Amino acid sequence: MEDKEDIEKIVNMLDSFAQSETARMKLRVSEEMEDGKVEKVYHHGRCDVGSPWAKGQACDVLEEDIKEFRKKQHEDRITHLIVLEWNAFDKARNVDGRAACQDDWTTFQLMRRSQYMTWTDEMLQSFTADFKAANAAGRNLIAEKYGWMMETTSPDEFQEIKSLLPDTPAAKRQIVEEIVKIQVAWMEDLAKESPDITNRMRSIHTSEDTPCNTSYETYLRGELLTYSDHTLMLYGRFIASLATDGKNLAQMTIENTESLI
């Protein structure tokens, strides 16, 4: 009953608006309703009261508001995840002391946002849940990510910290490596098409790793190994879908970065 009252309220507003001198202006009705109720009313198919004009206009306005609501919700989820990551990044410690990048929020959030803009809401929610579960267990996913990178950047030191990292089943490793192959190939394609861009980025291959240089491949592998099984499954499907559609995630991420600068 409450939903019907809300939609009737919108229809009455639209009927009055149609008679006004400002009928060509865009009517915003979302402020008249609680967040989320707009979507609830729309999907319950309650756009069936009032005049035909009001019915059509109400549905159009609701649909636009739903799009805006979903966009804002997606952006909020990205921001929330980035803050969780930043807090973990801030607490991570390395043998040489605090790194300069740990005090560079601007670059950190730019890079992470560029990546997460490509993700689905389900992926964002799953990885956010991973972070919250890790925090509750006293784990730092960012520290673990950098720990995994040491397997090739600092092999001797990695042996000393290996026991501190979660066990990784062979099946999970295999999935990670298949994803890495696809994304490295995308980065190689980007390097051929836009060398001016990739020359300013990390080296691409693990074979180029040194204690002072972590490649794109190694960074990606380290990050994927911190994903829960569920997040990795979602991410794997996402990568497979992009590959099937002939899209390049590396290019998409770069374009997002450029749009944010």
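Predicted model: local features only at pLDDT ≥ 70, side-chain atom pairs only at ≥ 80, totals over all residues.
Me: How many helices and strands does the protein have?
Reply: Helices (H or I, at least four residues) and strands (E, at least two) are DSSP runs, numbered from the N terminus. Here there are 12 helices and zero strands.

Me: What share of the residues is buried?
Reply: Buried means under 20% relative accessible area, exposed over 50%, and partly exposed in between, with a 1.4 Å probe and protein chains only. Of the 261 residues, 41% count as buried.

Me: How is a pair of packed helices described?
Reply: By the angle between their axes and the distance between the axes. Axes are lines fitted to C-alpha atoms, for helices over the stretch in contact; angles run from 0 to 180 degrees between N-to-C directions. Take α8 (residues 170–193) and α12 (residues 249–260): the angle is about 60 degrees, and the axes are 7 Å apart.

Me: Which residues meet there?
Reply: Contact means heavy atoms within 4.5 Å. From α8 come Gln-183, Trp-186, Met-187 and Leu-190; from α12 come Leu-249, Ala-250, Gln-251 and Ile-254. By class, that is six nonpolar, two polar and no charged residues. Ala, Val, Leu, Ile, Met, Phe, Trp, Tyr, Cys and Pro count as nonpolar, Asp, Glu, Lys and Arg as charged, and the others, Gly among them, as polar.

Me: Why does Leu-249 count as buried?
Reply: Because its relative accessibility is 5%. Beyond four places away in sequence, Leu-249 touches Thr-118, Gln-183, Trp-186, Tyr-235, Phe-238, Ile-239 and Leu-242. Thr-118 is 131 residues from Leu-249 in sequence, yet 8.0 Å away, C-alpha to C-alpha.

Me: What lines the largest cavity?
Reply: A cavity is a set of points on a 1 Å grid over the protein atoms alone where a 1.4 Å probe fits but cannot get out; lining residues have an atom within 4 Å of a point. The lining is Glu-85, Arg-112, Phe-127, Phe-131, Leu-141, Ile-142, Lys-145, Glu-223 and Thr-226. Helix α6 gives the largest share, three residues. The lining divides into four nonpolar, one polar and four charged residues.

Notes. Residues numbered from 1 in each chain as written. Heavy atoms only, no water. 1 Å grid on protein atoms, 1.4 Å probe; cavity = no way out; pocket = protein on both sides within 12 Å on 5 of 7 lines; lining within 4 Å.
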